[in-house]
Amino acid sequence: WLVDMVLRVGFVRTTRNAWKAMAEKAKTWWTDIWDAPIMRQFLGPDGRTPFSHQPDGSLHLVFSLFIDWCNPFGNKKAGKSHSIGVIYLVCLNLPPDLRYRPENVYLAGII
C-alpha cells in the first residue's frame, strides 16, 4: 500500500508541500493538524534536527492510526449485541481533501 501510494504521480511533491505550508503558517485558529505548533517543534531521531527538515532524497511522512468500533446490526435496546472493529492508517501529509479517500486509507485490521 505505501509503495503504491509513494509511486503515484505527484505524491512526493504533494506530501513535501505539507511541510512547506506548515512553515508558512503561524495561526492561532487551527483547521488541520499541520497548524499545531508541535508539528514544527517535533524533533527527528537525533533529538536536535526538526523532523520537518528533509534532506534531498528523503521523505518524512506522518501517519494517524484510527480504531473504530460499531454494531453491524444497528443499535438495539435489549438482547445480545455484536460489534466489529477496524484499524486503519491515514497519511497526514496529504491535503485534507485527499487524505480520507478510500485509495489513501490503509485498512490494517478488522477485529
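I began on the surface, where Leu 65, Ile 67, Trp 69 and Ile 111 form a nonpolar patch. Together these four residues have about 460 Å² of accessible area. I note at once that the model is predicted.

I took Ile 67 next. Ile 67 lies in strand β1, which spans residues 63–70. Is Ile 67 buried or exposed? I read 53% relative accessibility, so Ile 67 counts as exposed, the cut-off for exposed being over 50%.

Trp 69 is also found in strand β1. Its relative accessibility is 46%. I therefore logged Trp 69 as partly exposed, since that class covers values between 20% and 50%. I kept one general point in mind here: in a regular strand the side chains alternate between the two faces of the sheet.

Which residues does Ile 67 touch, leaving out those up to four places away in sequence? I found Val 86 and Ile 87. The C-alpha atoms of Ile 67 and Ile 87 are separated by 4.6 Å. Along the chain the two are 20 residues apart.

**Entry: strand pairing**

I followed β1 to its partner. β1 pairs with strand β2, residues 84–91, in the antiparallel sense. I noted eight bridges between β1 and β2.

I then went from β2 to strand β3, residues 105–110. How many bridges join β2 and β3? There are five, and this pairing is antiparallel as well. One position I looked up was Leu 89, whose bridge partner in β3 is Tyr 106.

**Entry: the end of β1 and the cysteines**

I moved to Cys 70, which lies in strand β1. Cys 70 stands opposite Ile 84 in β2. Setting aside residues up to four places away in sequence, I listed its contacts as His 82, Ser 83 and Ile 84. For His 82 I also took the C-alpha distance to Cys 70, which is 8.3 Å. These two residues are 12 apart along the chain.

How many disulfides does the structure hold? I found zero. I compared the accessibility of two cysteines anyway. Cys 70 has a relative accessible area of 43%, so I marked it partly exposed. Cys 91 has 0% relative accessibility, so I marked it buried.

**Entry: helix α2**

I turned to helix α2, residues 11–24, where Thr 15 is found. Is Thr 15 buried or exposed? Thr 15 is buried, because its relative accessible area is 0%. The cut-off for buried is under 20%. I listed what Thr 15 touches beyond four places in sequence: Leu 59, Leu 61, Asn 93 and Leu 94.

Arg 13 lies in helix α2 too. Its relative accessible area is 56%, so I logged Arg 13 as exposed. I checked Arg 13 against Leu 59, C-alpha to C-alpha, and read 9.8 Å. In sequence Arg 13 and Leu 59 are 46 residues apart.

**Entry: the salt bridge**

I looked for charged pairs. Side chains of opposite charge can pair when their charged atoms come close. The structure holds one salt bridge. Which residues form it? Asp 32 pairs with Arg 99, and their closest N and O atoms are 2.8 Å apart. The pair links distant parts of the chain, 67 residues apart. Asp 32 sits in the loop between α2 and α3, with α3 at 37–41. Arg 99 is in helix α4, residues 96–99.

I checked how covered the two partners are. Asp 32 has a relative accessible area of 17%, so I marked it buried. Arg 99 has 3%, so I marked Arg 99 buried as well.

**Entry: the whole protein**

I closed with the overall picture. How many helices and strands does the protein have? I counted four helices and three strands. From the N terminus on, the order is α-α-α-β-β-α-β.

The protein has 111 residues, and buried ones make up 25% of them. Its accessible surface comes to about 7,900 Å². Carbon and sulfur atoms account for 61% of that surface.

How values were computed:
Residues numbered from 1 in each chain as written. Predicted model: local features only at pLDDT ≥ 70, side-chain atom pairs only at ≥ 80, totals over all residues. Heavy atoms only, no water. Disulfide = S-S within 2.5 Å. Buried < 20%, exposed > 50% of the residue type's maximum accessible area, 1.4 Å probe, protein only. Helix = DSSP H or I, 4+ residues; strand = E, 2+ residues; numbered from the N terminus. Contact = heavy atoms within 4.5 Å. Areas by Shrake-Rupley, 256 points an atom, 1.4 Å probe, with all protein chains shown as cover. Pairing = 2+ DSSP bridges. Patch = residues over 30% accessible without salt bridge, like charges linked within 9 Å, V, L, I, M, F, W, Y side chains within 5 Å. Salt bridge = Lys/Arg side-chain N within 4 Å of Asp/Glu carboxyl O.
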